[in-house]
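Colleague: I'm new to this one. Could you walk me through how to read it, feature by feature?

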Amino acid sequence: MSDGVGCMWMRGGSSKGGYFLREDLPTDVAKRDAFLLRVMGSPDPRQIDGMGGADPLTSKVAVVSKSAREGVDVDYLFLQVFVDQAIVTDAQNCGNILAGVGPFAIERGLIAATGEETRVAIFMENTGQVAVATVQTPGGCVRYDGHATISSVPGSAAPIPLAFRDTAGSSCGALLPTGNGVDEIDGVRVTMIDNGMPCVVMAAADVGISGYEDRDTLDGNGAMKAQVEAIRLKAGPLMNLGDVTEKSVPKMMLVARPQDGGAIAVRSLIPHRVHASIGVLGAVSVATACLIEGSPAQQVAIVPDGRTKTLGVEHPSGVTECVVTVDEAGAPTEAGMLRTARKLMDGTVFA
């Protein structure tokens with residue numbers, strides 16, 4: 001690799017990293033990982049001898065290739081390069097780096113621009129799911145400037161909605177596994193929903209909190225957590241998840257009216273600790289619940305007009321912007337998240 005490898009450095013969502021064509025990297029995993037560690041400058045807390053930014057959020061890699069899968073344009077493998085350890089892992093996905101995959105694929109000619117907007121179907125190798133990115137391509141070129149804003153990123157950029165395919169009922173068999181928009185467990189009204197992540201959504205006030213407390217305060221509220229766990233254990237079988245005593249699902253979502261310009265505020269239990277923010281697909285499930293008639297989420301949410309709705313899900317660390325499309329009757333048909341991306345550098349990286 002002394003001659004260098006083609007690489008595009010991009011901000012994807014609130015993360016940053018290197019985007020590579022699969023064909024440009026070693027096929028041997030050990031050699032590939034050794035190369036990427038050198039590129040990032042790991043292991044070193046400062047990553048001074050590489051491109052990494054001394055933070056896990058800026059030490060990420062996307063490996064992209066043209067896909068042979070039906071109905072899919074490109075395959076995407078996410079790799080997390082540890083900062084202070086010699087570790088490269090594919091154990092998780094990254095919805096932020098995903099935001100740059102569509103623009104990168106168009107820039108590299110893996111898919112042709114189709115007009116003012118280009119939809120790029122992306123197979124996420126880490127999870128086996130498909131996401132569709134809508135990229136603005138006026139004149140056949142990727143547009144990065146625009147007016148969309150997302151939490152944790154200064155300024156604005158062109159919007160990149162990411163819609164997840166086949167997430168409804170992916171774990172529970174149906175979007176609403178009980179067939180009801182609202183059920184009652186232990187006297188508390190709940191919506192049991194699965195739009196990529198099995199969740200039980202309930203009003204924060206119904207379990208004795210405001211829904212605006214910080215994480216540490218809620219983690220110290222043993223009575224609330226015990227009440228929520230009792231509901232979770234009863235919800236598991238109703239959601240076709242069986243005995244969930246030792247499972248990490250369903251996630252428990254305590255919702256309240258928004259305070260910071262979003263659509264809804266949420267405190268998420270995952271399930272025995274309070275989440276510092278909220279998982280991407282958990283946010284998508286909560287946003288979808290905002291559109292379920294009579295649900296606890298709908299009763300506190302501020303939902304914009306239009307068939308395609310951007311719903312900001314407020315959480316302790318900021319706002320996750322979700323995008324939900326509804327049919328003429330107002331029922332959700334497609335859900336995902338709103339991200340942005342920006343090309344920072346395109347050239348050759350050396351290890």
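Colleague: Let's start with helix 5. Which of its residues are buried?

Modeller: Keep in mind that this is a predicted model. A residue counts as buried when its relative accessible area is under 20%. In helix 5 that picks out Met224, Lys225, Val228, Glu229, Ile231, Arg232, Ala235 and Gly236.

Colleague: And what do those buried residues pack against?

Modeller: Quite a list: strand 9 (183-185), strand 10 (188-194), strand 11 (198-203), helix 4 (215-219), strand 12 (251-256) and strand 13 (264-269).

Colleague: Now a charged side chain. Is arginine 32 buried or exposed?

Modeller: Compare its accessibility with the cut-off. Arginine 32 has 12% relative accessibility, so it counts as buried. It sits in helix 1 (residues 29-40). Setting aside neighbours within four places in sequence, arginine 32 is in contact with Leu25, Pro26, Leu77 and Leu79.

Colleague: On to strands. Which way do strand 6 and strand 7 pair?

Modeller: Look at the direction and the bridges. Strand 6 (residues 117-124) and strand 7 pair in the antiparallel sense, over eight bridges. Phenylalanine 123 stands opposite valine 130 in strand 7. The two strands form a hairpin with four residues between them, and glycine 128 in the turn has a positive phi of about 75°.

Colleague: What joins strand 7 to strand 8?

Modeller: Three bridges, with strand 7 and strand 8 (residues 160-164) running antiparallel. There, valine 132 stands opposite alanine 163 in strand 8. Strand 7 (residues 129-136) is also mostly covered, with six of its eight residues buried.

Colleague: Last topic, the nonpolar core. Which residues touch the most other members of the largest one?

Modeller: The largest core has 59 residues, and Tyr76, Val201, Ile264, Val286 and Val313 touch the most other members. Helix 6 (residues 280-289) gives this core its largest share, six residues. There is also a second, separate core of 23 residues, including Val188, Val190, Ile231 and Leu269.

Colleague: What does tyrosine 76 touch?

Modeller: Not counting residues up to four places away in sequence, tyrosine 76 touches a set that includes Ala62, Val63, Asn93, Cys94, Ile97, Ile122 and Phe123.

How values were computed. Residues are numbered from 1 along each chain as its sequence is written. This is a predicted model: local features need pLDDT of at least 70, side-chain atom pairs count only at pLDDT 80 or more; totals for chains, interfaces and linings use all residues. Side-chain values use heavy atoms; hydrogens and water are left out. Buried means under 20% relative accessible area, exposed over 50%, partly exposed in between (1.4 Å probe, protein chains only). Contact means heavy atoms within 4.5 Å. Two strands pair if DSSP finds at least two bridges between them. A nonpolar core is a set of buried Ala, Val, Leu, Ile, Met, Phe, Trp, Tyr and Cys residues joined through side-chain atoms within 4.5 Å.
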